[in-house]
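Okay, I've got one structure for you today, and I'll keep it short. Let me put it on the screen.

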Amino acid sequence: MPEVTRARVDAWTWAVRLFPTRSAAGAACRAGHVRVNGERAKPATQVVPGDEVHVRGGARERVVIVQRLIVKRVGADVAVACYLDRSPAVPPKEHVAVAGQRDRGAGRPTKRDRRLIERLRGH
């Protein structure tokens with residue numbers, strides 16, 4: 001098998017398991033959630049070893065440096081060897097703000113409840 005010198009960013013991010021499907025990787029590129037070397041990447045953007053890829057998805061941002069190019073999906077242990085992970089650490093659950101929680105069966109907040117919540121938030 002010949003050595004790959006360039007790869008599409010959507011194929012590479014899918015192959016190294018940053019996205020569950022190739023179509024999800026392409027959709028993230030089209031939505032602007034993938035950047036290569038600081039520039040917004042289209043699905044056909046080419047990556048080479050040494051490029052920095054930023055992937056924003058969910059509540060986490062991944063920052064990876066391309067070490068090796070692959071275009072076929074491989075096992076997780078092989079995929080990890082293809083990039084160097086420079087992602088910021090995930091904050092502990094204690095520091096993540098909890099979205100408003102209500103008692104089970106309490107129903108929707110009333111207008112009075114909403115005003116009290118806004119007052120607590122400083123609005």
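Before I start naming neighbours: when I say two residues touch, I mean heavy atoms within 4.5 Å. And keep in mind that this is a predicted model.

Let's begin with Thr13. It sits in helix α1, which covers residues 9–15. So, is Thr13 buried or exposed? Thr13 comes out at a relative accessible area of 0%, and because buried means under 20%, it counts as buried. Who's around it? Leaving aside residues up to four places away in sequence, Thr13 touches Leu18, Phe19, Ala25, Val53 and Val55.

Strands β2 (residues 34–36) and β5 (residues 52–57) are antiparallel partners, with three bridges between them. Zooming out, the sheet is open and has five strands, running β3-β2-β5-β6-β7, with antiparallel pairing. At the edges you find β3 (39–40) and β7 (83–85); each has a single partner strand, so one side of each has no neighbour in the sheet.

Now the inside. The largest nonpolar core has 24 residues, and the ones touching the most other members are Val9, Trp12, Val16, Val34, Val47 and Val53. Two or more residues each come from α1, α2 (22–30), β2, β5 and β6 (60–66). Which element gives the largest share? That's α1, with four residues.

Methods: Residues numbered from 1 in each chain as written. Predicted model: local features only at pLDDT ≥ 70, side-chain atom pairs only at ≥ 80, totals over all residues. Heavy atoms only, no water. Buried < 20%, exposed > 50% of the residue type's maximum accessible area, 1.4 Å probe, protein only. Pairing = 2+ DSSP bridges. Core = buried A, V, L, I, M, F, W, Y, C linked by side-chain atoms within 4.5 Å.
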